[in-house]
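Hi,

Here is the structure I promised to pass on.

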Amino acid sequence: MAYEAVIGLECHIQLRTRTKMFCDCPAEFGAAPNANVCPVCLGLPGALPVANRAAIESTLRLGLALGCEVRAESVFARKNYFYPDMPKNYQITQYDQPLCEGGALPVRIDEVERTFELIRIHIEEDTGKSFHPEKYGDRRISRIDFNRAGVPLLEMVTQPVFRRPPECAAFLTALRRLVRWLEISDGDMEKGHLRCDANVSIRPAGSRELGTKAEIKNLNSIKGVEKGISAEIVRQTALLESGGRVEQATLLYDADHDKLAVMRSKEHAHDYRYFPEPDLPLLRVEAAWKEQMRAQVPELPWALEARFVEKYGLKPYDAGVLSQDRALAGYFEQVVAGLNPKAASNWVTTEALGRMNARGWSLAEWSARVSAASLNELVRRVESKELTGPLAKQALDAMAEEGVDAQVVLARPEYQVRGGADELLPLVKAVIDEHPGPVSQYRSGKTVTLGFLVGQVMKKSGGQAVPQVVKELLERELVGG
Amino acid sequence: MSELWKLSAIELAHGVRTGKVTVAAAVESGFEGPAREWESEVHALLASDPKARASGAAAANDGPLRGVPVVVKDNLCTTDYPTTCGSRILEGYRPPYDATVVRRLRAAGAVVSGKGNMDEFAMGSSTEYSAFGPTRNPHDLGRVPGGSSGGPAAAVAYGLVPVALGSDTGGSVRQPAAFCGVLGLKPTYGRLSRYGLVAFGSSLDQVGILARHVSDVATTYAALAGPDPFDATMRLTPAPDVSHWDEGVKGLRFGWPANLWAASVDRELVEGLEESAAYLERAGATKVPFEFMPGEFGVATYYLVATAEASSNLARFDGVRYGFRHPDSDDVRTLYTRSRSAGFGPEVQRRILLGTYALSAGYYDAYYLSAQKARTRIRREYEEAFRRCDLVLMPATPTLPFRLGEKTEDPLAMYLSDIFTIGANLAGIPGLTVPVGLSRSRLPRAVQLLGPEDAEPALLRAARAIEVRGETKHLPSEYEAEFSWPTKR
């Protein structure tokens, strides 16, 4: 029997706020263990939480970007369970009245626009981290770092809308782009800024009923999400095909060994005893605040992509590359002014990005050297034939290496175009003398060798020759000779 | 000045500020006189230390409470004393910060002179559930001082300090104040910061003030009340002005719900109510008789809400980060269970179990959710009552102080001693118990005044009228009414 998988994701996004969710401790990553703690995030007796407005605003911006309904009144709740790295032995989160509900994330997969619907987005606090590094005599010792305890997290829960693991990977890639776009999170899965659990079940293809689901935790890279879910689909399929049953369980994915291990079965499921957090008032979002947040949502990547296709006539692929990063899109929009958009896109996606990648530079590092105005100037000179393509590429290398403006570089003699016959004719003649083979082939009717000969003249000119002029001179000389 | 310990807080502060008394002498006054006579038998304090008092005195700020010694209940965080909540699980625990109310006390010039005994985690009505031994009632050492703020109430009653801070979740300031014959104010929810008050039932807890004179309650309230950025449940408006506590009750309408005490209230307490009503009327207030049955389901509602919140609030006491850790534990599960089983007393364990049950899947709707609905109804009943009057005069407790051991074996009987006080916590409104002399058996009698939110000024004016027995003439505001001191027996 053929089976199909039904997959829903729960994504945790660590917000990039200055302070923690319920206290004034820095939310930064990488401080010495337990340096960023206070009575509140250590859960000391008597301490009380106060909600971080910046974190709420980040959530609102994400929710509004995704078209969620924002509750005018949402409720913080306590989720009760004992865990050593959770200082209060309850987590402040949101339960039945989350801040955002509904909404969807548009994702392009294999050139097809899809939208994946969401159930909710809510705010909660992160836990600390336990380490089990050493032994004391024959006893194991655990250490706990509470720096991360209380750092603001968003939890986003999708509808069970995914059928194939690559869809999940594409969703996460798009989500990562969006949170960076909105500047609410660094979105780095390896650093735990973006974490993902998956609920997976399978059912006979075509069936409308849902099978028993398993929850997979510890999917901490986009590749891991894809592989972990695939492994679970294989496991469940094998179970059903051998006449077995899927048991509701929570599994841990071990990426190093590509294996799943049962963390707890249904009998050991927690009763979290949620109830409204009495230490925090209702979270009220008045219309004015919501509209203020909506105004802060920039043009979104999918809208920008569509605009690039429509307004500039770019290929969807190129528009996609340019909208990977909001700053890159902005750079392009400065470069493109007054130019042929396709040429400008090519200069940014191929020439600029290629050089950045080769040097390992960020866009900020790149644009500190090659400003958008400078690149615009360079491309404009190519378009007005004041500069040849090869020469312009050399000039771009010089601009990047030296951090000097296009105008300064292009004033140098080696970047002057040589277009006069008296200047180029000696080079043309020399090439004809040096390459008798291609010359005779051309003369015997195999005119494709002309391109090779043009290239040789260009090379001799140090790229300064205008290719069209060289071509005409060559044709004349080859016929005449 | 001799017998400094008999002075009110504002008299003492006045003496200090005019140079007649040193801060050190003011702080030590209660320890030199009455404590020698009483403390070993009463056991009002869990901690006090001459060195800490001396350094507190040396560092005292100028302010309306300059040099005034204050006993603070042991569930309020203090950097200079351990904060145990009367529990083994926090034995020796010293907080790294002061509660906001403690900080404000110090800012006003007061000196924390000791930590008051209490029922463990404020769960009890007699102070018998303290892990460190009970407090006894100074008026009769065979009787309880009430609870859970029994230590602070007894300390004020026998003269150790003129003012103490307690906490009131279901009557834990007002009931011991009544049993010890002192004033006990539970302010409007959200008026005194809870930051640094170790939580019992977060939506009910409020820091309260115990004192022998209305003037001192008002002065202390004024020093402590008002918004605190560390407590998100506080009211954001400025606290009401209580400086007119001596301006009388002319025109004030007080509700008289006689049906409340028709059946099961001690006869002598009813006489206290009648006398108080007569004082209020003599001072120009109007009695408004009406039927009032606030919260038929009050006790049940209270014990569901308070225990549910407590079960979560007390989860942090697990032996991992601070407090008592059982020495014998091989893994984290046994560390939790052994530390908590040995660290918490039986009443605390009982309430954690009750609260856990009330929040459990399948029971939440029947218990916690129903209790929330009942709570809303109770709040409306009070709102309704305050459309007819400015405040309500009613009993603080159904009985005079009971004997030690009388109710410890019967939790329900113990819970019912809070029947008249829990309503104010459920409704978030202020309540004040006011002593009205002694019974024929020389035990303190008291009445309770309840008002709508932010009615503290009216409650204090009414209490003052009762304090001066309805006299409105020839009584300058510095006049301090005679206080019924305990005699030892």
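Strand β4 of chain A covers residues 76-80, and five bridges tie β4(A) to β5(A).

N89(A) is not a glycine, yet its phi is positive, at about 60 degrees.

Now over to chain B. It has 16 helices and eleven strands. Its radius of gyration is 21 Å, close to the 23 Å that the globule rule gives for 489 residues, so chain B is as compact as a globular protein of that length. Along the principal axes, its C-alpha trace spans about 75 × 55 × 45 Å.

One helix pair in chain B is worth a look. Helix α2 (residues 23-32) and helix α4 (residues 50-58) of chain B pack with their axes 9 Å apart, at an angle of about 145 degrees. The crossing of α2(B) past α4(B) is right-handed. Which residues meet there? From α2(B) they are V23(B), A24(B), V27(B) and E28(B), and from α4(B) they are R53(B), A54(B), G56(B) and A57(B). By type, that contact comes to five nonpolar residues, one polar and two charged.

There is also a cis peptide bond in chain B, between G147(B) and S148(B), with omega at about 10 degrees. You will find S148(B) in the loop between β3 (111-116) and α6 (150-158) of chain B.

As for how the two chains meet, 25 residues of chain A and 33 residues of chain B take part in the contact. On the chain A side, 16 of the residues are nonpolar, four are polar and five are charged.

Finally, a word on confidence. The predictor gives the complex an ipTM of 0.95 and a pTM of 0.91. For chain B the mean pLDDT is 95, with 98% of its residues at 70 or more. Where pLDDT is low, the predicted coordinates should not be read in detail.

Cheers

Methods:
Residues are numbered from 1 along each chain as its sequence is written. Chains are lettered from A and ligands numbered from 1 in the order in which they are written. This is a predicted model: local features need pLDDT of at least 70, side-chain atom pairs count only at pLDDT 80 or more; totals for chains, interfaces and linings use all residues. Two residues are in contact if their C-beta atoms, placed from the backbone, lie within 7 Å. Ala, Val, Leu, Ile, Met, Phe, Trp, Tyr, Cys and Pro count as nonpolar, Asp, Glu, Lys and Arg as charged, and the others, Gly among them, as polar. pLDDT is the predictor's confidence in each residue, from 0 to 100. Two strands pair if DSSP finds at least two bridges between them. Helices (H or I, at least four residues) and strands (E, at least two) are DSSP runs, numbered from the N terminus. Axes are lines fitted to C-alpha atoms, for helices over the stretch in contact, and angles run from 0 to 180 degrees between N-to-C directions. A crossing is left-handed if the near helix is turned anticlockwise from the far one by less than a right angle, and right-handed if clockwise. The radius of gyration is taken over C-alpha atoms; the globule rule is 2.2 Å times the number of residues to the power 0.38.
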